[in-house]
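Dear colleague,

I am handing over the structure we spoke about, and my notes on it follow directly below. Please read them with the structure open beside you.

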Amino acid sequence: MSFDELQKNIQITFSNRDLLKQAFYHRSYLNEDRTIKESNERLEFLGDSVLSLLTSHHLFTHYPQYPEGILTNIRSSLVKTKTLASVASELKLGDLLFLSKGEEDSGGRKNQSLLADVFEALLGVIYLDQGLDSARTYLETYLFPKAQKLIEDKAYIDFKSHLQEIVQQKVKISPIYKVERSEGPDHDKTFWVDVLSENVVLGSGKGKSKQEAEQSAARAALESKGAI
């Protein structure tokens, strides 16, 4: 994909093309091209703040039935690395990343952390180049529609914390998470995890990180007990 195709896809024509390209400069690339003086990290910092503001406003406006605590959890799920990376993948932002050879060879274009970072950096550019309303439209088109599914799937719940409260009330000891196995290269591993209490398996789950697999296992345990 080219930068022209990106602009056509998201229906934004940037006035500052150099700033747009900067959103895709990973810090590793600065060692490859000494003419590039700045990576996308500052734009990512700005985009993160814009993302927090607009996401908070969207949830506050569209979900008046939820109290502050639940809105906070929904926001955390909506702006977490996995969700942002999925949107970046849909938009093929990874195709445009400028990476060092080492980062390229290690699968950087599919790295969830790098994809989430470039999503935020691009949002920062949209805000600077086009203004807050365009940044809001961009998020309303590509990110905010995922909020309702997160709510329907209860993906905003911290299943580990919920399970811990239940288990500690019964046995006074926190549940233990055990990685049963993992498969895949370092940049694309899948983990299988069991959660146990008093050597009894309460639930099993899998995920693309240990944390995600643990949440999945905790959810399975809670669902088996009818606790969610």
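α11 gives the most to the lining of the largest pocket, with six residues. This is a predicted model, in which local features need pLDDT of at least 70 and side-chain atom pairs count only at pLDDT 80 or more, while totals for chains, interfaces and linings use all residues. Residues are numbered from 1 along each chain as its sequence is written, and side-chain values use heavy atoms, with hydrogens and water left out.

The largest pocket holds about 1000 Å³ of space (on a 1 Å grid over the protein atoms alone, a pocket is an open set of points where a 1.4 Å probe fits, with protein on both sides within 12 Å along at least five of seven lines, and lining residues have an atom within 4 Å of a point; the volume is the space filled by probe spheres set on the points, which are joined across faces, edges and corners). Of its 35 lining residues, K80, K82, S209, E212 and Q215 are the closest to the centre.

Three strands form an open antiparallel sheet in the order β1-β2-β3 (helices, H or I, of at least four residues and strands, E, of at least two are DSSP runs numbered from the N terminus; two strands pair if DSSP finds at least two bridges between them). β1 (176–183) and β3 (200–207) stand at the edges with a single partner strand each, so one side of each is left without a neighbour in the sheet. Strand β2 (residues 190–197) pairs with β3 over seven bridges, and V193 has G205 in β3 as its bridge partner.

Best regards
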